Structures are given as structure tokens and as C-alpha cells.
Amino acid sequence: MRHIAKFVMDTAGGERAKFMTAKTPAGLIRLDSGSPSFATPPHIVDSVKQAIDAGHTGYILEKGVMPLLEAICESIAADTGATVSPSQVLITNGSSSGIYAVMTCFLDPGDEVIVFDPSYSLYPHVARQIGAVPVPVRHKADYQLDIDAVRAAITPRTRLVMLNNPNNPTGVVYREADIAALLDLCAEKDLLLAADEAYCKLMQPGQVHVPVMKYHQHLDRLILLGTFSKSYAMTGWRLGYLVAPPALIDYLYGIHRAINGPICNFVQRAGIAALRGPQACIGEFNAVYHRRAALMQRLAAAIPGLYPAQPQGAFYLWTRFDLPQSAREVKARLFERGVAVRSGSEYGSGGEKHLRISYSVSEETIEKGMAVIAEVVAELAREAS
Ligand SMILES: Cc1ncc(COP(=O)(O)O)c(C=O)c1O
């Protein structure tokens with residue numbers, strides 16, 4: 001049999017991929033989705049039709065189309081007061097390829113990258129793929145950042161910290177004081193920090209997202225990973241960007257281009273429409289996410305043995321369970337019974353005994369899915385007793 005690299009077996013042969021490639025049973029209730037359930041707003045869709053008609057179909061030989069680079073700089077200035085030049089922005093294939101470029105650009109084999117545990121599973125996957133070492137740092141009990149734990153994890157091989165705010169899978173929005181302390185620590189230790197702010201516009205009422213670019217004194221060590229996927233319901237368009245200090249951006253451009261080639265020309269025009277067009281869609285999405293989060297939280301809290309966290313951002317409910325089975329086993333049983341969720345352990349060992357349940361689905365689907373979850377949790381508890 002042909003030799004398959006260990007990395008591929010560990011990743012593509014691993015839990016997530018096996019689950020993703022498993023045959024989807026008819027009628028499966030998808031509470032595992034990372035995709036907004038909304039259609040892309042019509043003004044964004046129209047902009048791409050016009051862009052195609054206008055002939056924007058050739059290669060883009062620069063880091064991105066200039067009006068999009070400018071629109072990104074304007075939105076950063078409006079949100080954070082930071083002055084960023086279009087030459088510091090690179091358009092990426094969603095933020096996934098930006099994450100890949102950042103790790104590939106700054107980590108040699110054996111170099112260490114700090115990843116909060118739990119957080120988005122792509123970070124350790126990519127780090128391992130290039131021979132670097134993901135160093136998991138647990139959160140505090142409330143899933144906020146533990147700065148002392150970060151300090152303790154830093155070694156002479158540490159190069160980079162990956163921050164994911166709001167956090168996938170916990171839905172936690174990090175506190176301002178902790179973000180400031182983390183950035184100060186990065187400065188003290190001369191580390192880069194890459195901030196994945198994919199869900200920054202999807203906030204529950206009363207929550208405030210603190211963008212890292214607000215800390216202007218740290219701009220020389222900050223890389224922002226942005227995406228249109230979640231905020232504008234554009235996951236399938238594959239449009240993201242990264243912003244980096246002037247001294248680093250061209251290295252990122254070079255490596256990104258080698259892996260991805262240029263990003264689709266007319267889709268970039270849709271990004272301009274998204275940023276410069278009406279923003280009402282985001283408020284509308286958030287109002288719906290708020291209702292769904294409240295419903296899911298209430299139903300989960302009523303299930304004996306589940307201890308859901310209060311959703312703060314993104315569109316995930318994070319819940320601890322008090323059962324002897326592992327998160328993987330609970331997920332597998334739910335899948336057999338027709339409900340897909342994500343096991344917390346996919347996001348790091350700190351996610352063991354947890355599930356991530358997506359509320360990016362209709363209220364009817366939430367009700368149906370949570371009813372099955374209640375049955376399965378009761379069944380697993382009976383089997384254990
Ligand atoms: C935290 C986080 N970052 C990045 C991404 C990648 O999204 P995209 O490549 O669509 O921008 C995801 C997708 O689920 C995510 O959850």
C-alpha cells in the first residue's frame with residue numbers, strides 16, 4: 001500500500017475528517033454548522049453580477065483590488081482608530097488561507113505557537129503540518145484568557161500567539177483587560193500575535209468585541225485575520241484578508257500566493273459592496289441569533305446533566321456534560337440518533353466533556369435537535385448507572 005504521510009493520517013484520517021466524510025443520514029439535524037443560516041444579502045449578490053458583467057474576470061496580480069484594500073483600511077480605522085495602509089492588506093481565500101500563510105511564514109520546524117485550549121482546530125492542524133509545535137494553553141474556568149498560564153507556556157522557541165476572539169467553540173468574548181495584558185506580554189517577550197476575529201460582528205446583546213488593532217502601540221507585532229464568511233453570510237464566497245506590519249506583509253504575500261494563487265477578481269468586488277454598503281443585515285442577523293441562543297440555552301439548561309455556558313458571541317452554545325462517556329462518544333451516539341454536534345475535544349483537550357452546539361439553524365430545528373439531545377443524555381446516564 002502507498003505510504004501516506006503521518007500528518008495526513010493524523011488530520012484527514014482523524015476524528016473530524018472521518019465525521020465529515022461519514023455518510024449523512026437522511027433527515028440529520030445539523031447542529032454542527034459553522035455556516036450562517038442566512039442568504040448573502042442581495043446588494044452583495046448584485047455587486048458580483050455587475051462585476052462579472054463589467055468584465056472583472058481576469059487575474060488580480062496585486063495583493064487585492066485597490067478599492068477593497070482601501071475599504072478594509074477604512075473599516076479598521078472606523079473600528080479601532082488605527083491607520084493602516086492598503087499595502088499592508090492581503091486578500092485571502094477566506095481567513096483559512098490567511099491562517100495557513102501566517103503559520104507557514106513565521107514558524108520553522110520545532111518552533112512553538114501558543115493556541116488557547118479550546119479554540120479553532122485549524123491552528124494546531126496547520127502548525128503540525130509544517131513541523132511546528134502547537135502549545136495549548138488552558139482558559140480559566142469561565143473560558144476567559146489566563147495570562148499567567150500564557151507566561152508559563154512561553155519558551156525560547158515561542159514565536160507566535162494565536163488569539164481567536166470571539167472564541168470558536170466556546171462563544172466567549174474576551175475581556176478588554178486580558179487582551180491588553182496579553183499584548184503587553186507579547187511585547188515583553190517580543191512575540192507576534194495573530195488575531196482571528198472571524199466572528200467579531202456576531203455579538204449577543206451587551207457584549208463588546210475589543211479589536212486588537214485598537215492597541216496602536218502594538219501594531220508592529222499584530223496580524224489581523226479577517227473574513228467576510230460569518231459577518232456577511234458569505235462562507236461559500238471564500239473571501240478573507242489579513243493585515244500585517246509593513247515589514248512583514250510582503251513575506252506573507254509571497255507565501256500566500258505560492259499556495260493559493262490570486263483570489264477571485266469578481267468576488268473581491270463583493271467585499272467592497274459588503275463593507276461600503278448598508279450594514280443593517282448584521283443587526284438583523286444578530287437579532288435572530290439572540291433569539292435562537294436564548295432558546296437553545298433555555299432548552300439545554302433544562303436537560304439534567306448539561307451545564308451550558310451563556311453564549312456571548314459567534315453562534316455556538318458551549319456546554320459541559322456530566323456523563324462518564326467522552327465527548328467523542330456522546331457526539332457519536334447523537335449522530336446515530338440523527339443529531340450532528342461537535343465534540344469539545346476536537347478543539348483541544350480542554351474541551352473534553354463538552355459539546356459545541358450551533359444555533360445557526362431555525363428555532364424549529366433547535367427544538368427538534370434539543371429534544372433528541374435530552375433523550376440521548378438521559379439514555380447515556382441510565383447506561384452508566
Ligand atoms: C475561528 C474561525 N476562524 C476562521 C474560520 C475560517 O473561516 P473562513 O475560511 O471561511 O474565513 C472559521 C470557520 O469556521 C472559524 O471558526
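User: What makes a residue buried here, and what are F116 and Y174?

Analyst: Buried means under 20% relative accessible area, exposed over 50%, partly exposed in between (1.4 Å probe, protein chains only). F116 and Y174 are both buried. This is a predicted model: local features need pLDDT of at least 70, side-chain atom pairs count only at pLDDT 80 or more, and totals for chains, interfaces and linings use all residues. Residues are numbered from 1 along each chain as its sequence is written, and side-chain values use heavy atoms, with hydrogens and water left out.

User: Why is the pair of F116 and Y174 called tilted?

Analyst: Rings of Phe, Tyr and Trp (its six-membered ring) pair if their centres lie within 6.5 Å; planes under 30 degrees apart count as stacked, over 60 as edge-to-face and the rest as tilted. The centres of F116 and Y174 are 6.5 Å apart and the planes are at 55 degrees, so the pair is tilted.

User: Why is the pair of Y199 and Y316 called edge-to-face?

Analyst: The planes of Y199 and Y316 stand at 75 degrees, with centres 5.6 Å apart, so this pair is edge-to-face. Both Y199 and Y316 are buried.

User: How do you know that R356 lies over the face of Y316?

Analyst: A charge sits over a ring if NZ of Lys or CZ of Arg is within 6 Å of the ring centre and within 35 degrees of the ring normal. R356 lies over the face of Y316, at 3.8 Å from the ring centre.
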